[in-house]
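Me: Please take a close look at a single part of this model. Start with the site itself, then set it in its wider context.

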Amino acid sequence: MKGCWVSVLAVISAAGVARAQAGAGQSTPLDLAGVYQSMPDGVTLSGGFRNSGSPGEISLTASAREQMKAVNLKDDPWKTCGPIGQFRMMARPNTVIEILPAGQLIMILFEDVTHGFMRKIYLNRTHEQRSMTPSDIEIPVTKLRWFGDSIGHWEKDTLVIDAVDFNDRTWLNDAGAPHSDALHTVERIRVLRNGQLLEYKMTAEDPQALAKPYTYTRYFQKIDREFEDDNCVEQK
Amino acid sequence: MKRKISFLAIWMALVPALAMAQSNPAADWTGYYMMARGKDLAGLNVISPNLGKTVVEHLQPWAKVKRESIDAVIDDNGFVCKPTGFLRAYGSPFDENFYFVPGRDRETIVFWVYDTVRSRRIYLNQEHPRNLKPSWNGHSVGHWQGDTLVIDTIGFNDQTWLDGGGAPHTEDTHLTERMRRVEKNGNTYIEIAVQVDDPRTLTSPFTFSRYFKKQNFEMDDYVCNDAVDFYKQWRAEAIEARRKAAAKAGDSQ
């Protein structure tokens, strides 16, 4: 997979141009459908686009730092083949995602399905309007989720995703930085170069864990290949 | 897998943007579906409702022996959040569910199943590639026959089961699924008729069908890790109950 980003599409489809131009300057949903791969750090694209920031640079509150001392890195969800949460996942190098518009939803799938899982971005409601699925689950039911509750809207050429109601089972970085269920993330996905490039800005705030909100930026380039699910268990 | 949880699954049909989507019946299937039960099945013909029974009836002798040697409590991947494959999902007694989503170009269909199954993809109007690497969910190609989506799947690994009782299968397993939308009882369903073949495991192919009813509420996330503690407890209790039963039987002799 390494180096795939180098061979990203240089070809711009006429349909893509039309869609992107139609969306520019207005809040009409753009067609984000496609497979994208994040650029490695240290690479600068023409126009000066380059990744910035890293989950490793976050500033923790005193209580979070204390909590972090008790973390056993062997319990890292990454190592145990569990979801690691979008704040950490989207910052990883060469992350491959697939975006699927689906009516009132936008779905984001991760090729590394075990760690990234799948996200649903609801475009037609507020957090308060979220409906819980009736089920026969015998495990504790809570509104808190690994990926929170994500709602989205368009601001011109940018999809803005607001997520709350996270559980506290993921870390914010590889060192085991904790977060609370007060975590609030805002992601801004800006469509560039007629849809061939996405600028992804992730901002996290959590008064209980973060000394101040933190933002990092990643660039995802559209790639011309099918999506192949990468299963963590198979790598063991 | 004998557990009481709600499975979530997503069907995603990847078709071109709007113009192409209109020409692909899958676009009209968009929505959240859950396995229909009880009165929701009125007037619908479910083939082989007891999948485990059907599977056993078709197993070759070696496979029956293997199934009987498997401990469905101890050996189930699902209890430790490893992949379980989708083969047994249709036969689950629980609330299997999925989301069907129109997608993007090149007419690919993506099939995402709950966490321990994860995803499978269906490539429309294509051939299976040669030299497939065996995988948990195999490799699926599909095409439309009128209003029916026909899916052919091969390339499974042999690490999953055909049913919750541990029926084995080999890498020669071949699945044919026929899916169509059905309007009945004031509801919308996706009917899925399945034929399973594995000449090295089965005496003959077997078939079954299931109906998935379109839902009006949001699909929840199911992450296996949420339930792993529950599974540990459930399994420990099952093992303890088994131990007590064995001890009681020993005392009575």
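Reply:

**A loop histidine in chain B**

His128(B) sits in a loop of chain B, with β5 (119-124) on one side and β6 (139-145) on the other. The model is predicted.

Next, the contacts. Neighbours within four places in sequence are left aside here. His128(B) then touches His139(B), Val141(B), Ile154(B) and Gly155(B). Take Gly155(B) from that list. In sequence, 27 residues separate Gly155(B) from His128(B). In space, their C-alpha atoms are 9.0 Å apart.

Now confidence. Chain B has a mean pLDDT of 79. Of its residues, 78% reach 70 or more. Residues 1-22 of chain B are another matter: pLDDT stays under 50 there. Even so, the model has 90 contacts beyond four places in sequence for that stretch. For the model, ipTM is 0.74 and pTM is 0.80.

Finally, chain A. Chain A has five helices and nine strands. Along the sequence, their order is α-β-α-α-β-β-α-β-β-β-β-β-β-α. Chain A has 236 residues, and 39% of them count as buried. Consider the chain A contacts with a separation of 6 or more: 65% of them join residues 24 or more positions apart.

Conventions. Residues numbered from 1 in each chain as written. Chains lettered and ligands numbered in written order. Predicted model: local features only at pLDDT ≥ 70, side-chain atom pairs only at ≥ 80, totals over all residues. Helix = DSSP H or I, 4+ residues; strand = E, 2+ residues; numbered from the N terminus. Buried ≥ 20, exposed ≤ 12 C-beta atoms within 10 Å, placed from the backbone. Contact = placed C-beta atoms within 7 Å. pLDDT = per-residue confidence, 0-100.
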